[in-house]
Amino acid sequence: MAVGVGISLPPHVPGSIQGQLHAELLGFQGPVPPFMGALEWWGQDSASSTLLQLGGASSTRSEVAGFGAAAHARVAFPIRSAPKHFMAYLQDMQVLRVHLYQGGSKDKQQGICEIDLRPFLRGSDSDYKLQLDGYFPVLRSSSDRIIIGQLRLLLQTEWGELAELRPKQARDDRDLVKH
């Protein structure tokens, strides 16, 4: 299964890649499953949506109407900030919105899923991880709060070897204990 590459996170932040955030739409419970979803990141340009196909959805289209981009079943978003700063970005963002579309077109929005990320964020005590795998309510729209289904979403961070997962003082203290 091909993995797509999403925009770098946080958007517009320069720097070397510290890790990746993996995202996957695994399922939908409801009357009419959507074809794809677009994750909305805080600070992202509206034209830079990264599309995910709903698990099991298939398309022979190389691009999706209205987006100018292909949809993938799994997407890896490069993270360009230190783990501590990325967790602060997600904490400040609070809610991740997933816009769901029907029929492979941006013009056919089916619903929106709004996920409060704060309960899923882990600090230095567990290496700054975001580990989310669950079903979340899908609303008809942000203004029409009628639940039309449940979306299963997987999000998880994977940090590179050079990412600073522990504060410098904690690392120094551990090194002193070893000697």
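This is a short walk through one protein model, from the overall fold down to a few single residues.

Hi everyone, thanks for coming. A word on ground rules before the tour. The model is predicted, so to speak of local features we need pLDDT of at least 70, and side-chain atom pairs count only at pLDDT 80 or more, while totals for chains, interfaces and linings use all residues. Residues are numbered from 1 along each chain as its sequence is written, and side-chain values use heavy atoms, with hydrogens and water left out.

Let's start with the overall picture. The protein has 2 helices and 9 strands; helices (H or I, at least four residues) and strands (E, at least two) are DSSP runs, numbered from the N terminus. Along the sequence the pattern reads β-β-β-β-β-α-β-β-β-β-α. There are 179 residues, and 41% of them count as buried. Buried means under 20% relative accessible area, exposed means over 50%, and partly exposed is in between, with a 1.4 Å probe and protein chains only. The protein exposes about 9600 Å², with 51% of that supplied by carbon and sulfur atoms; these areas come from the Shrake-Rupley method with a 1.4 Å probe, and for residues only the protein chains shown count as cover. Now contacts, meaning heavy atoms within 4.5 Å. Among contacts with a separation of 6 or more, 68% are between residues 24 or more positions apart.

On to the sheet. What is the order of the strands in the open sheet? The 9 strands run S1-S5-S2-S9-S8-S7-S6-S3-S4, with mixed pairing. Strand S1 (3-5) and strand S4 (50-53) are at the edges with a single partner strand each, so one side of each has no neighbour in the sheet. From one strand to the next, the twist averages 30 degrees. As a reminder, strands of a sheet pair through backbone hydrogen bonds, either parallel or antiparallel. Here two strands pair if DSSP finds at least two bridges between them.

Let me pick out some pairings. Strand S2 (residues 19-29) is antiparallel to strand S5 (residues 74-79), over 6 bridges, and in that pairing leucine 21 sits opposite phenylalanine 77 in S5. Strand S3 (residues 36-40) has 4 of its 5 residues buried, so the rest of the structure largely encloses it. S3 runs antiparallel to S4, joined by 4 bridges, and pairs in the antiparallel sense with S6 over 5 bridges. Look for glycine 37 on your screens: opposite this residue stand leucine 52 in S4 and leucine 100 in S6.

Next, a helix. Helix H1 (residues 83-93) lies across S2, S5, strand S6 (95-101) and strand S9 (147-159), and runs at about 165 degrees to S9. Axes here are lines fitted to C-alpha atoms, for helices over the stretch in contact, with angles from 0 to 180 degrees between N-to-C directions.

How many aromatic pairs does a search of the whole structure find? The search gives 5. Phenylalanine 86 and tryptophan 159 form an edge-to-face pair, at 6.1 Å centre to centre and 75 degrees between the planes. Phenylalanine 86 is in helix H1 and tryptophan 159 in strand S9, so this pair ties together parts 73 residues apart in sequence. The rule is that rings of Phe, Tyr and Trp (its six-membered ring) pair if their centres lie within 6.5 Å; planes under 30 degrees apart are stacked, over 60 edge-to-face, and the rest tilted. Phenylalanine 86 is buried at 0% relative accessibility, and tryptophan 159 is buried too, at 15%. Trp42, Phe86, Tyr89 and Trp159 make up one aromatic cluster.

Is glutamine 110 buried or exposed? Glutamine 110 is buried, at 17% relative accessible area, and belongs to strand S7 (residues 109-116). Beyond neighbours within four places in sequence, the contacts of glutamine 110 include Phe28, Pro33, Tyr101, Arg140 and Ile148.

Last stop: valine 3, in strand S1, is partly exposed at 43% relative accessibility.
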